[in-house]
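Dear colleague,

Please find below the structure that I am handing over to you. My findings follow it.

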Amino acid sequence: MIESILYYFNQTEVIKTIVTLGSMGLFFVGLFGLLSQRHIIKVFISIGIMEIAVFIFFIGLSFQRGLTAPMLGDAHTTFIQMNDPIPHAMILTAIVIGMAVLALGISFAIEYYKLTGKNRLDEMNEMKN
Amino acid sequence: MNIKRDISTNAISSFALSALFVLTLLSILLQHIPQKLSSAGDKLLEINAQEGVANAVTTVVVYFRGFDTLGEIAVLFIASFGIGLMLNFQVQNNQNKVKSNFMLQLGARLLFPIILLFGVYVMTYGHLSVGGGFQGGVIIASAVLLMLVSSNHFQLSHRIITLLETFAGVSYVLIGLIGLIVLDSFLGNFLPHSASQLGLLLSGGIVPIIYIIIGIKVGSEMSLIVQNMLQRSDND
Amino acid sequence: MIGVIILGTLMALIVIAFVAVIEPKLPDAIILSMGIGLGAVVLFVLFQAPDVALTEAVIGTGIGSLIYLMALKHLGERQ
């Protein structure tokens, strides 16, 4: 009984469905935090959670069970039966750029706090009316 | 009583909006789950054996898609430039800083060269095993953060760091231009890269050289960002 | 075996993310966001992608969350 459940969860189709549902659930939590929280650092944390959800989704879809990591080692000496290296390279670039943009946004928030002393979104109404 | 009702209305409406959006996304995604994302990866793995590099992801990042990495370094440079404009760092007098704990000072002084050495190791062995320029550079920046937090007299000299960063950025483009002159393609591999040297330290042509240049640039930029953000304000 | 472990890690990650978003005290929320980065590293290792796992561990958990903590010193908490 347990072996049949384990075998059912090991197939590639079921793994891809689990990854889609799970990463979209994480995206939903991040979006809920972005829309409902008021402090500016909570907003940045929620954006970071949404980015991590998209990375997990992308790498989970390009994963085939049974193949190994795309690099040589002691056991593998030729480049056969390996996973795809192109999505890994794209996500590497995306992680670094995401961190750089968030750091720039936080420096804007620090400078605004030094000028006016407000750090919650419902008090930043300088441009209203 | 009225304020409590306002807060819960906000939470319920944001919950409903985000649930609606994610359910719309899911209804499209669950029907078209692809069997294989791309078929170019198999062809690249076959071509990779001629380059002499043991790590396929390094070849894709530095050699096959080297122009995208140049754009990514430009984005990092613009972000560091913006942070340097906003929070400009002034050399401050160290007399009104609180002295940190004795254990923290001693431990940081012991750990700082070890973390620095580990960062340089990860940077240099990027083409043989897991690692690379980005990872090694950020490890070096975290070692600098450790020393900045724990000691009062540690400051990075602004001129040397900007000199390193400029040298790294200019030499990346110069290597690309030399490849254009010698081989008729920007960022071409003009150093000898035979497949018989797979797994040795000097292999792969220009791939380890470019990764070390990327590591120097990322490390110095992140150190400047960290030093800018850690300054004390005037009323501390 | 791998499918069940992926399912368990994803469910734990969603619970930790929900607690991190709701939490009213800010230093606790930042440390919980470090836990999300750690869960993502475990998932990347299970998907046979060690380069991405090392990058996410160093950047997402190491420098990213430390930048949030440094900014918290400049900004105030609940005003």
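Domain bounds, as used here, come from an automatic or database domain assignment. On that basis chain B is divided into domain 1 (1-30) and domain 2 (53-229), and the centres of these two domains of chain B, taken over C-alpha atoms, are separated by 42 Å.

This is a predicted model, in which local features need pLDDT of at least 70 and side-chain atom pairs count only at pLDDT 80 or more, while totals for chains, interfaces and linings use all residues. Residues are numbered from 1 along each chain as its sequence is written, with chains lettered from A and ligands numbered from 1 in the order in which they are written.

Helices are DSSP runs (H or I, at least four residues) numbered from the N terminus. The axes of helix 3 (residues 40-61) of chain A and helix 2 (residues 26-46) of chain C come within 11 Å and cross at roughly 5°; axes are lines fitted to C-alpha atoms over the stretch in contact, with angles from 0 to 180 degrees between N-to-C directions. The two helices are therefore roughly parallel to each other (angles under 35 degrees).

Residues are in contact if their C-beta atoms, placed from the backbone, lie within 7 Å. Leaving aside neighbours within four places in sequence, Ile59(A) is in contact with Pro87(A), Ile91(A), Phe44(C), Phe47(C), Ala49(C) and Val52(C). Ile59(A) in helix 3 of chain A and Phe44(C) in helix 2 of chain C are also among the residues through which these helices meet.

The contact between chain C and chain B takes 13 residues from chain C and 15 residues from chain B.

Yours sincerely

Conventions. Angles under 35 degrees count as roughly parallel, over 145 as roughly antiparallel, 65 to 115 as roughly perpendicular and the rest as oblique. Two residues are in contact if their C-beta atoms, placed from the backbone, lie within 7 Å. Ala, Val, Leu, Ile, Met, Phe, Trp, Tyr, Cys and Pro count as nonpolar, Asp, Glu, Lys and Arg as charged, and the others, Gly among them, as polar.
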